Amino acid sequence: MARREKRQKSAGPAPLWLITFSDLMTLLLAFFVLLLSMSSMDTTTITRISSHSGHLSPLNLSGPGRLPERIQIVVKLIKDPRNVLEKKNRIKDLLFPLDQLPPEMSKGDLEKNIAILEHPEGVVIVLTEGLLFAKGSAKLDDKGKKLVAVLTPVMQAVNADINISGHTDATAEKDTNDYELSLMRALVVLEQLLQAQIPPDRFSVSGYGPDKPMYPNTTAEGQAKNRRVEILVKTTPRVGSYL
């Protein structure tokens, strides 16, 4: 017992520099933890949070220079998945009003070549090849540019992530790579939308080639409809997602 007391007395109190050093290490640790937490809140996360909380939007829906009423209605409709099934024709008419379509495009063309579909993540706008490209080409024609321009205000106002996917039929022509063609078409549509200053981190692109047909490839009509571009506007978060 006497020996233990003697050892404790010989140790003495900790030097003052050691206390200061330990305090400094604690402060540095707290600083690095703070930096880590701030870096994880990148702009993409903030954009996604704002799109589902309804607080922030890249375009103001009221006040001077506000969006046209039809765009405001579309934004409200596509945020509710039930409307895609019940009011898809109304959504189509509001998205593509006849007075803003290219002159060479008729009401019948609109009905046959544009579809509005429900998706677990939101709503899909389907545009067939004939509205955007010449067969086998990945260059938007003038009609296609005008059609994408009609969609642009909605893409700006929704403030949601967007996937653009290209698709082909199963009858590839000689020297044609369906996967490359479908991806290039998606990229060209993306490029057109980016000219409107929509944040690029909201977009992703996919090229599925003939892997996801909507119609049987046994008829010319089915093949024509399978050659398409789909724009998925992700207004509905996935089940189980924290966003």
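Biologist: Which residues line the second largest pocket in this model?

Modeller: In this predicted model, the second largest pocket is lined by H119, V124, N163, S165, H167, Y208, K212, R228, E230 and L232. Strand 3 and strand 5 (228–234) are the elements that give two or more residues to that lining. The pocket has a volume of about 190 Å³.

Biologist: What makes up the lining of the second largest pocket by class?

Modeller: There are 3 nonpolar, 4 polar and 3 charged residues. Tyr counts as nonpolar, so Y208 of the lining goes with the nonpolar residues.

Biologist: Happy with that. Why is E129 called buried?

Modeller: Buried means under 20% relative accessible area. E129 has 7% relative accessibility, so E129 counts as buried. You will find E129 in helix 8 (residues 129–132).

Biologist: What makes the pairing of the E129 and R185 side chains a polar contact?

Modeller: The distance is 2.9 Å between the two side chains, and the cut-off for such a pair of N or O atoms is within 3.5 Å. One atom must also be able to donate a hydrogen and the other to accept it. The pair of E129 and R185 is therefore called a polar contact.

Biologist: Which residues is E129 in contact with, leaving aside neighbours within four places in sequence?

Modeller: They are A134, K135, G136, R185, R227 and R228. R228 also turns up in the lining of the second largest pocket.

Biologist: One last thing: why is helix 4 called largely enclosed by the rest of the structure?

Modeller: In helix 4 (residues 69–78), 7 of the 10 residues are buried, so the helix is largely enclosed. The buried residues are R70, I71, Q72, V74, V75, L77 and I78. What covers them includes helix 5 (81–86), helix 6 (88–95), strand 2 (122–128) and helix 9.

Methods: Residues are numbered from 1 along each chain as its sequence is written. This is a predicted model: local features need pLDDT of at least 70, side-chain atom pairs count only at pLDDT 80 or more; totals for chains, interfaces and linings use all residues. Side-chain values use heavy atoms; hydrogens and water are left out. Helices (H or I, at least four residues) and strands (E, at least two) are DSSP runs, numbered from the N terminus. Buried means under 20% relative accessible area, exposed over 50%, partly exposed in between (1.4 Å probe, protein chains only). Contact means heavy atoms within 4.5 Å. On a 1 Å grid over the protein atoms alone, a cavity is a set of points where a 1.4 Å probe fits but cannot get out, and a pocket is an open set with protein on both sides within 12 Å along at least five of seven lines; lining residues have an atom within 4 Å of a point. Grid points are joined across faces, edges and corners, and a volume is the space filled by probe spheres set on the points.
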